[in-house]
Amino acid sequence: MILGCHVQMKAPGFVEGSVQEAISYQADALMLYTGAPQNTKRRETEELRIPEAQKLMKEAGIPMENLIVHAPYLINPANSVKPEVAELAVSFLHTEAQRTAAIGAKYLVLHPGFYTTADLQTGIETASKHLNTLPDLPEGLVICLETMAGKGSEIGFRFEQLADIMENLNHPEHYGVCLDTCHIHDAGYDLEHFDDVLDEFDRVIGLKHLHVIHLNDSKNIRGARKDRHANLGMGEIGFNALLKAASNPRTEHIPKILETPYVGGKPPYGKEIEMLRNGVFDPSVFDEL
């Protein structure tokens with residue numbers, strides 16, 4: 001299993017500090033934002049201690065493909081109602097793509113967006129249209145559209161919706177998918193039968209396009225379409241189903257990134273990664289945090 005987690009990226013260590021945090025959890029993958037996810041304020045990449053981070057990853061034996069960047073939430077390529085939102089989505093996504101390449105990462109995870117007051121099909125078509133207006137992307141960069149839970153006017157909560165977006169892209173080589181276990185559970189997929197889920201994904205999108213997995217339990221019953229993450233084994237999916245998903249041989253090459261809630265203000269990732277590697281659920285570890 002390639003296991004990692006969402007880590008902080010802040011002064012003074014920046015990306016190097018992110019890698020150090022991941023290593024402290026015995027992780028061999030990590031995901032970060034290049035700045036605050038709620039705004040467009042960004043430090044220059046020259047300040048982010050990227051060479052030091054890359055050196056540390058090499059020493060720790062973590063391949064650069066296992067460093068994932070997550071695009072900020074305010075990027076909404078599905079918005080057809082406000083042109084200014086669409087313009088921001090395109091320009092800022094391009095900026096994030098350049099920053100991802102500067103860090104040396106290959107995968108940039110993107111929420112496909114909300115259709116707001118339009119309708120689902122319009123949102124899907126709008127997302128493709130806006131992504132097609134992106135300037136040239138860095139060579140080798142892949143934007144991974146994330147599977148969503150379907151809350152509100154979210155698009156991308158069924159595999160067919162992501163397939164529709166991807167089929168209409170001018171440069172499909174720059175796009176793939178990030179599968180979030182909490183999101184697809186909340187969207188109605190049954191994680192107890194993960195191979196069936198993979199079969200459906202392969203039929204609709206193609207497993208060759210799956211590059212990142214977010215491994216999260218859910219506080220909601222299947223099909224609730226709410227998107228509330230839970231710690232591994234402490235939600236409605238359950239530890240055994242998530243362990244089977246994490247250890248499935250069909251996805252063994254794909255980084256699994258934990259985005260589970262902090263417990264008592266502390267990150268649980270080291271304990272959760274240890275449980276996955278041992279294959280044993282121990283709820284008492286959350287009491288120790």
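1. Counted by the rule that a salt bridge is a side-chain nitrogen of Lys or Arg within 4 Å of a carboxyl oxygen of Asp or Glu, the structure holds 11 salt bridges. Side chains of opposite charge can pair when their charged atoms come close. This is a predicted model, in which local features need pLDDT of at least 70 and side-chain atom pairs count only at pLDDT 80 or more, while totals for chains, interfaces and linings use all residues. Residues are numbered from 1 along each chain as its sequence is written, and side-chain values use heavy atoms, with hydrogens and water left out.

2. One of these salt bridges joins arginine 277 to aspartate 28, with the closest N and O atoms 3.3 Å apart. The two partners come from distant parts of the chain, 249 residues apart, since arginine 277 sits in helix H9 (residues 269-278) and aspartate 28 in the loop between H1 and E2. Helices (H or I, at least four residues) and strands (E, at least two) are DSSP runs, numbered from the N terminus. Arginine 277 is partly exposed at a relative accessible area of 37%, and aspartate 28 is partly exposed at 24%; here buried means under 20% relative accessible area, exposed means over 50%, and partly exposed lies in between (1.4 Å probe, protein chains only).

3. A second pair to look at is glutamate 96 with arginine 42, whose closest N and O atoms are 3.1 Å apart in a salt bridge. Glutamate 96 lies in helix H3 (residues 83-103) and arginine 42 in the loop between E2 and H2, so this pair ties together parts that are 54 residues apart in sequence. Both glutamate 96 and arginine 42 are buried.

4. In a further salt bridge, arginine 250 meets aspartate 195 with the closest N and O atoms 2.8 Å apart. Arginine 250 is in the loop between helix H8 (239-246) and E10, whereas aspartate 195 is in helix H7 (residues 194-204), and the two are 55 residues apart. Arginine 250 is partly exposed with a relative accessible area of 31%, and aspartate 195 also counts as partly exposed, at 37% relative accessibility. Elsewhere, salt bridges that share partners join Glu16, Arg49 and Glu52 into one network.

5. Turning to the strands, 8 of them close into a barrel in the order E1-E2-E3-E4-E5-E6-E7-E10, and their pairing is parallel. The twist from one strand to the next averages 30°, where axes are lines fitted to C-alpha atoms, for helices over the stretch in contact, and angles run from 0 to 180 degrees between N-to-C directions. Strands of a sheet pair through backbone hydrogen bonds, either parallel or antiparallel, and two strands are said to pair if DSSP finds at least two bridges between them.

6. Strand E4 (residues 107-110) pairs with strand E5 (residues 142-146) over 4 parallel bridges, and leucine 108 stands opposite isoleucine 143 in E5. E5 also pairs with E6 in the parallel sense over 4 bridges, where cysteine 178 in E6 is the bridge partner of glutamate 146. E7 and E10 are joined in the parallel sense over 3 bridges, with leucine 215 opposite leucine 258 in E10.

7. Strand E6 is mostly covered, with 6 of its 6 residues buried.

8. The side chain of lysine 256 instead reaches the backbone oxygen of isoleucine 254 at 3.0 Å.

9. Two backbone details deserve a check by eye. The peptide bond from alanine 11 to proline 12 is cis, with omega near 0°, and proline 12 is placed in the loop between strand E1 (3-6) and helix H1 (14-24). Arginine 49, in the loop between strand E2 (29-32) and helix H2 (50-60), has a phi near 55°, a positive value in a residue other than glycine.

Key: Polar contact = N/O pair within 3.5 Å; in protein donor to acceptor, adjacent residues only side chain to side chain.
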